[in-house]
Amino acid sequence: LSPVCSFTCHYRCRALVRLDCSGPLGTGDEDDGTEQALEDTNVDEPSEWEKTELDQAQVEQRIKEYNSQINSNLFMSLNKDGSYTGFIKVHLKLVRPVSVPATKRVPSVQAGRPGPRTQGVKRRTSFYLPKGTVKHLHILSHTRASEVIDALLRKFTVVDNPHKFALFERSEKDEQVYLRKLSDEEQPLRLRLLAGPSEKVLSFVLKENETGEVNWDAFTLPELHNFLRILQREEEEHVRRLRHRYARCRQKMQEAL
């Protein structure tokens with residue numbers, strides 16, 4: 001709840017709101033066109049079909065129905081031990097850059113030694129994943145959501161702490177989009193089987209793990225230094241706006257006098 005204009009916002013949506021109500025109309029940040037319209041509604045509880053328990057015969061029947069509905073070769077297969085394997089598609093919607101390793105070869109400074117001697121130095125580089133990045137994973141029925149996150153990070157050689165990310169299920173119903181964060185122990189392939197192959201009924205999205213409480217131990221020292229610089233710039237900009245606001249008030253009062 002804003003103390004100035006009484007704007008009320010869901011606590012999970014605070015980071016997405018771009019609003020400055022501390023000054024007169026027209027002085028706030030303008031939308032640069034890069035923000036997408038908010039269409040997601042967070043839900044905490046799984047739907048009824050997600051709570052469904054299946055015996056082996058029902059699993060086999062569901063797999064047959066699933067395979068008959070898909071238009072690709074990404075079939076599910078039932079194993080002899082009762083488990084099953086299949087593919088899930090994960091949409092990566094990350095708004096912050098990810099870190100990948102970069103190794104630079106540094107020549108040795110030792111003189112008088114024939115031949116180029118080099119020494120490996122571990123470095124990191126960061127980049128933004130392109131919009132619309134999608135990855136298919138072949139997993140087991142007992143593969144957990146946390147293991148899916150680890151596998152995705154390995155696929156893209158991302159070295160960030162896995163706790164920075166979370167796997168969400170996305171569904172569409174009555175022209176509304178719903179997002180639910182999966183717990184670490186949930187099994188995505190089981191959800192895929194229960195929901196069927198329709199992406200509208202269920203799809204998986206990897207996003208930043210917005211828990212409300214920042215786990216600072218998950219960040220490296222360079223990242224923490226960057227955060228401090230960003231906070232300093234934001235503080236300086238906020239102070240500049242406050243001074244501008246009071247300067248205008250002072251000017252109007254002097255004109256009135």
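**Close-up views of a predicted model**

**View 1. Lys 164 and its neighbours.** Leaving aside residues up to four places away in sequence, Lys 164 touches Lys 207, Glu 208, Asn 209, Ala 218, Phe 219 and Glu 223. You'll find Lys 164 in the loop between α2 and β7. Buried or exposed, at 12% relative accessibility? Lys 164 counts as buried, because 12% falls under the 20% cut-off. Keep in mind that this is a predicted model.

**View 2. The largest nonpolar core.** This core has 31 residues, and those touching the most other members are Ile 88, Val 90, Val 148, Phe 165, Leu 167, Phe 204 and Leu 206. At least two residues each come from α1 (56–69), β3 (84–92), β6 (133–140), α2 (145–155), β7 (165–173), α3 (188–195) and β9 (203–208). Which element gives the most to this core? That's α2, with 6 residues. As a bit of background, nonpolar side chains tend to be buried together in soluble globular proteins.

**View 3. Around Phe 204.** Here we zoom in on one of the core residues that touch the most other members. Again skipping residues up to four places away in sequence, Phe 204 touches Ile 88, Lys 89, Val 90 and His 91, along with Leu 167 and Phe 168. Phe 204 also touches Leu 182, Pro 188, Leu 191 and Arg 192.

**View 4. The largest cavity.** The count comes to 1 cavity of 30 Å³ or more, and the largest cavity has a volume of about 30 Å³. What lines the largest cavity? Leu 92, Leu 94, Leu 129, Leu 152, Leu 153, Phe 156, Val 158 and Leu 206 do. By class, that makes 8 nonpolar residues in the lining, with no polar and no charged ones.

Note on methods
Residues numbered from 1 in each chain as written. Predicted model: local features only at pLDDT ≥ 70, side-chain atom pairs only at ≥ 80, totals over all residues. Heavy atoms only, no water. Core = buried A, V, L, I, M, F, W, Y, C linked by side-chain atoms within 4.5 Å. Buried < 20%, exposed > 50% of the residue type's maximum accessible area, 1.4 Å probe, protein only. Helix = DSSP H or I, 4+ residues; strand = E, 2+ residues; numbered from the N terminus. Contact = heavy atoms within 4.5 Å. 1 Å grid on protein atoms, 1.4 Å probe; cavity = no way out; pocket = protein on both sides within 12 Å on 5 of 7 lines; lining within 4 Å. Points joined across faces, edges and corners; volume = space filled by probe spheres on them. Nonpolar A, V, L, I, M, F, W, Y, C, P; charged D, E, K, R; others polar.
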